[in-house]
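Look through the sequence and the structure shown here.

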Amino acid sequence: MSSLRTVVPAEDELRPIVVELKAEHPTTGISKIHGLVLAAHPTWQVSEKRVRKFLQNEGLIASQVQEIHPSSRLNEALDIQKWTTKAEVKYFNQSKGKGLVAKDKIAKGDVIWKEDPFILAPEWNIYDLQVSGRACAHCSTIFREITPLNVACSFSDLKTATPCSARFCTRLCLSHSSRTHPLLCAAQNPASIPLLAFARRAEWMALHALAQCTSRLLLARQKSDEAQLVADMGVVNGLAELGMEDRFQSLRDKGVEPDRDNWRKAFELYLQAFKTPAQPAQQKKLARILKTPLPQEMDKEFFEYDAFLRGLGRMSLNIESHGGLYTLHSHINHSCDPNVSVRHLDQRTALARITLIAKREIEPNEELLVTYVDPSGSLRTRRTQLEEWGFGLCQCERCVAEEKAAKESGVQEQDGMDDLAEQLKAGLGVM
């Protein structure tokens, strides 16, 4: 057939084509350069590995991509006994960071701890129910029916162009919502509406989570409760961190380009929501909530662009798969063969609460591990998904054993990054 690639070009023939294409597209990664070569010469048979070699030999890309890992630090003020006496925090090393290990033997099926979220940015189908008043705006529990116990936001009946539609399970949920809701309430702070709408359209869970987290910290500052603010900042600063630019640095040569235009757009909406609303009326409403100014250092930590990108990366790394950010859960590391399962068991009374259960017997000092990916996926798929988030090549016991078995059988896994650009939704870094 004429569509078959049958010609293997000589080095002298291929080299100038590769160099010229890279010169024309200097920010384009190896995978895309490879695609451009094949598009320009449909009959050529050229591997991506060969294109990479030419680019490396010409000094157009680094011969080795520097390994970048999330940074991690201990929260010295964390009192783990608030949640469990069965585990303790351990700092392993600079590369791996912190984790959790069993203090004593844990039996299969044991509940290790239960935990409510520090902040919640739920799955979008649940978020849509929250926005329409059919799920609790605090804990996300779905209303099977509206009862007298359910209460609406106190600003829901305000005569305004943007009334708040939030509804809560009980007055207790309404009270707890004061940690985040006022700055994200359509009636109290309409400047937040474009930011939340942008996150919803892009299905950008990390951006939604960052909005929730920023709201919590800013409101803690307003309450003049220094102890609570210090505790909340300790939780956030203790989260594993990898900035968006660092995350994409290791992926650029694999054909993934960051969507900086949308990063900038998100940042502009973030500033409008929490610092400089676009309209005078919105500025007045925000000023009624944020009466106490931020110290200069805290202002930089919240509102400089680099800090915003670090915050997005921090949210991406630490959000539980259903959209919660949990203080203790954020300490637990990954394995493709985990010994701990995360469940949402209280679906009728506290949907956002997680329960961590031992999948098998766990020995004292053994690390507690969950999976960050679908464990039913192939070795290639699992490793690809982890590399998307900056964790590098997974070297858990299962992956190492499967890689060894594949090599012994002569079946080699592919690079696993060819479809990464599509999975990352045009470089947004969307979870």
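**Briefing on the predicted model**

D157 counts as exposed because its relative accessibility is 63% (exposed means over 50% relative accessible area, buried under 20%, and partly exposed in between, with a 1.4 Å probe and protein chains only). This is a predicted model, in which local features need pLDDT of at least 70 and side-chain atom pairs count only at pLDDT 80 or more, while totals for chains, interfaces and linings use all residues. Residues are numbered from 1 along each chain as its sequence is written, and side-chain values use heavy atoms, with hydrogens and water left out.

- D157 sits in the loop between β5 and β6 (167–168); helices (H or I, at least four residues) and strands (E, at least two) are DSSP runs, numbered from the N terminus.
- Between D157 and K98 there are 47 Å from C-alpha to C-alpha, and the two are 59 residues apart in sequence.
- S140 belongs to the loop between α4 (124–131) and β5 (151–152).
- S140 is not glycine, yet its phi is positive, near 75°.
- With 4% relative accessibility, S140 counts as buried.
- E203 is in the loop between α7 (193–202) and α8.
- E203 also has a positive phi in a residue other than glycine, near 50°.
- E203 counts as partly exposed, at 34% relative accessibility.
- D346 lies in the loop between β9 (340–343) and β10 (354–358).
- At 17% relative accessibility, D346 is classed as buried.
- Apart from neighbours within four places in sequence, D346 contacts K114, L351 and R353, where contact means heavy atoms within 4.5 Å.
- D346 and T141 are 205 residues apart along the chain, and their C-alpha atoms are separated by 8.9 Å.

**A residue in a helix**

- L55 is part of helix α3 (residues 48–57).
- The relative accessible area of L55 is 1%, so L55 is buried.
- L55 and V19 are 7.1 Å apart in space, C-alpha to C-alpha, and 36 residues apart in sequence.

**Helix pair α1 and α2**

- Helix α1 (residues 11–24) and helix α2 (residues 30–40) have axes that come within 10 Å and cross at roughly 125°; axes are lines fitted to C-alpha atoms, for helices over the stretch in contact, and angles run from 0 to 180 degrees between N-to-C directions.
- That angle makes α1 oblique to α2 (under 35 degrees counts as roughly parallel, over 145 as roughly antiparallel, 65 to 115 as roughly perpendicular and the rest as oblique).
- The crossing of α1 past α2 is right-handed; a crossing is right-handed if the near helix is turned clockwise from the far one by less than a right angle, and left-handed if anticlockwise.
- From α1, the residues L14, V18, L21 and K22 meet I33, L36 and V37 of α2.
- The contact of α1 with α2 has six nonpolar, no polar and one charged residues (Ala, Val, Leu, Ile, Met, Phe, Trp, Tyr, Cys and Pro count as nonpolar, Asp, Glu, Lys and Arg as charged, and the others, Gly among them, as polar).

**Helix pair α15 and α16**

- The axes of helix α15 (residues 379–388) and helix α16 (residues 397–409) are 10 Å apart, and the helices pack at an angle of about 135°.
- α15 and α16 are therefore oblique to each other.
- Their crossing, that of α15 and α16, is left-handed.
- L379, R382 and R383 of α15 meet R398, C399, V400, E402 and E403 of α16.
- By class, this contact of α15 with α16 has three nonpolar, no polar and five charged residues.

**Helix pair α7 and α11**

- α7 and helix α11 (residues 260–274) have axes 8 Å apart and pack at an angle of about 150°.
- P194, L195 and F198 of α7 meet residues of α11, including Y270 and F274.
- The contact of α7 with α11 divides into eight nonpolar, one polar and one charged residues.

**Nonpolar cores**

- The largest nonpolar core has 52 residues, and W204, L207, Y270, F274, F308, L312 and M315 touch the most other members; such a core is a set of buried Ala, Val, Leu, Ile, Met, Phe, Trp, Tyr and Cys residues joined through side-chain atoms within 4.5 Å.
- Helix α8 (residues 205–222) supplies the largest share of this core, eleven residues.
- Beyond neighbours within four places in sequence, F274 has contacts that include L183, L195, L218 and F303.
- A second, separate core has 20 residues, among them I80, I106, W113 and I332.
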